[in-house]
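Hello,

Here is the structure I said I would pass on. My notes on it follow below.

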Amino acid sequence: MEQITGEIAIPLSQFSEIKKEIKNIAGFKEELERSLVKKMTEVLEVLLGGALILEASDIHIEPQEEEAKIRLRIDGILQDIITIERKIYEALLSRIKLLSGIKLNIANRPQDGRFSFLLPSQEDNLAIEIRTSTLPAEEGEAVVLRILNPKSLIAMEKLGLRKDLLELLKKEIKKPNGMIIVTGPTGSGKTTTLYAFLKEIQKPEIKIITIEDPIEYHLAGISQTQTTPEKGYDFASGLKSIMRQDPDAILVGEVRDLETVEIALQAALTGHLVLTTLHTNDAAGTIARLINLGAKTANIGPAINLIIAQRLIRKICPKCHRLEKISAQDLNKLEKELRGLSQSVKVPKISQELKIPQIKGCEACNLTGYRGRIGIFEGFLLDDEMEKFILTNPPTAALREKAMKNGMVSMKQDGFLKVLQGETTIEEVERTTGE
């Protein structure tokens with residue numbers, strides 16, 4: 001099979017064989033062990049193919065003194081897979097570097113690259129982007145391969161949004177101007193949410209341009225541009241250029257500095273819909289973060305329509321979970337947390353007879369009890385009342401309290417509502433949001 005730098009492909013027959021053997025982590029480990037005696041190309045094919053079958057988001061290759069460990073991040077949790085010999089690690093590292101277009105002879109500084117992985121199907125090859133990051137560590141270079149699978153792009157209805165928040169968002173993203181900010185830590189699903197918004201508003205009559213670092217998913221019919229800071233093309237300069245392209249909607253991958261913030265706010269104030277992300281812990285902290293970056297409070301309120309914060313929580317495994325009568329302690333938690341919610345939020349009846357999901361663990365979920373993830377959200381509108389409140393430069397705690405009084409449902413409350421709907425467990429919500 002011919003290989004070219006920057007692309008790796010598995011023949012359909014070989015991928016079908018891998019798929020047959022890999023049903024869980026144990027099967028993946030066995031298949032990977034079998035491949036280690038073959039060419040390095042085949043080892044990488046099994047590694048990538050298996051990671052995709054198991055729906056992993058990242059592959060971690062971590063060197064140790066005499067060996068290296070391979071781990072997968074599945075549903076946000078790292079799982080140990082296999083330990084490989086040092087010489088296999090070095091050959092695998094070289095192969096990954098070559099494919100990713102990064103320098104083989106540099107091991108003392110971090111490098112970033114990417115390549116495409118062609119996943120075969122009966123109809124066509126699906127191109128999956130693999131983002132490579134190398135980092136010098138004590139025993140060698142640690143490698144993380146981020147898997148950007150186009151199949152992870154989903155409709156808004158499948159994000160996990162409550163009905164009231166979904167309806168609010170659908171209304172807000174159809175407005176001709178203003179800014180919508182999605183916040184959360186790295187890996188919380190912000191980009192997936194923004195792309196779901198783009199898919200919802202995309203139509204021939206409107207021009208959508210994105211500026212990202214890097215482009216994570218490719219969408220037909222949308223102009224996408226990638227920053228190259230080493231050439232002076234960053235978010236701020238890119239956004240200035242985009243404004244001259246007469247867009248209706250703009251997606252800014254992330255606002256990180258004052259110049260980008262100011263241009264984005266001006267774009268929102270001058271007739272454009274701006275979608276962007278910010279790294280904060282919750283929705284209320286967004287205002288303080290923007291002010292810390294140097295944004296003027298007089299511009300924040302009029303420019304921003306809506307702020308959302310999100311996390312991803314694991315869903316219970318549909319094959320092995322069980323429903324058990326709620327304990328007195330958990331009943332007290334739910335009653336205390338869900339007291340006083342807005343009337344627009346439907347809360348299932350909470351009583352001592354309530355049954356909630358408990359995990360068990362089976363082969364299908366790699367004995368974790370969870371399979372797949374769903375979002376939990378909190379968000380608030382910046383209406384006239386909130387705009388006036390922001391002008392007083394309130395502390396984050398006061399802003400959060402105000403948003404909650406105005407009907408905001410916190411991420412923890414949203415998670416507990418998903419427990420009542422039988423989608424996750426109390427333990428998983430507390431693990432993600434804190435007790």
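**Notes on the model**

I206 counts as partly exposed, because its relative accessibility is 24%. This is a predicted model, and I206 is placed in it in the loop between helix 6 and strand 9. Leaving aside residues up to four places away in sequence, I206 touches I201 and D248. I222 is 16 residues from I206 in sequence, and their C-alpha atoms are 9.7 Å apart.

**Confidence**

Average pLDDT for the protein is 92, and 97% of the residues score at least 70. Over residues 1-5 pLDDT stays under 50. The model has 12 contacts beyond four places in sequence for residues 1-5. Where pLDDT is low, predicted coordinates should not be read in detail.

**Two threonines in strands**

T183 is in strand 8, which covers residues 178-183. With a relative accessibility of 0%, T183 counts as buried. Its side chain makes a polar contact of 3.3 Å with the side chain of T280. Beyond four places in sequence, the residues that T183 touches include K190, L278, D282, A283 and T286. Also among them are I307, I308, A309 and Q310.

T210 is in strand 9. T210 also counts as buried, because its relative accessibility is 0%. The side chains of T210 and E212 are joined by a polar contact of 2.6 Å. Not counting residues up to four places away in sequence, T210 touches L198, I222, S223, Q224, T225, I242 and L251.

**Aromatic rings**

How many aromatic pairs does the count come to? The count is one. The pair is formed by Y195 and Y217 and is edge-to-face, with 5.4 Å from centre to centre and 85° between the planes. Y195 lies in helix 6 (residues 190-201), and Y217 lies in the loop between strand 9 (208-212) and strand 10 (223-226), so the pair ties together parts that are 22 residues apart in sequence.

Are these two tyrosines buried or exposed? Y195 counts as buried, because its relative accessibility is 1%. Y217 is buried too, with a relative accessible area of 8%.

Another ring to look at is that of F389: K402 lies over its face, at 5.5 Å from the ring centre.

**Cysteines**

A search of the whole structure finds zero disulfides. C317 is in no disulfide, and its nearest cysteine sulfur, that of C320, is 3.7 Å away. A disulfide needs the two sulfur atoms within 2.5 Å. C317 counts as buried, because its relative accessibility is 1%.

C365 is likewise in no disulfide. For C365, too, the nearest cysteine sulfur is that of C320, at 3.8 Å. C365 is buried, with a relative accessible area of 2%.

**Where to look**

If you open the model, you could start with the ring pair of Y195 and Y217, then go to C320, whose sulfur is the nearest cysteine sulfur to C317 and to C365.

Regards

Note on methods:
Residues are numbered from 1 along each chain as its sequence is written. This is a predicted model: local features need pLDDT of at least 70, side-chain atom pairs count only at pLDDT 80 or more; totals for chains, interfaces and linings use all residues. Side-chain values use heavy atoms; hydrogens and water are left out. Helices (H or I, at least four residues) and strands (E, at least two) are DSSP runs, numbered from the N terminus. Buried means under 20% relative accessible area, exposed over 50%, partly exposed in between (1.4 Å probe, protein chains only). A polar contact is a pair of N or O atoms within 3.5 Å; within protein, one must be able to donate a hydrogen and the other to accept it, and residues adjacent in sequence count only if both atoms are side-chain atoms. Contact means heavy atoms within 4.5 Å. pLDDT is the predictor's confidence in each residue, from 0 to 100. Rings of Phe, Tyr and Trp (its six-membered ring) pair if their centres lie within 6.5 Å; planes under 30 degrees apart count as stacked, over 60 as edge-to-face and the rest as tilted. A charge sits over a ring if NZ of Lys or CZ of Arg is within 6 Å of the ring centre and within 35 degrees of the ring normal.
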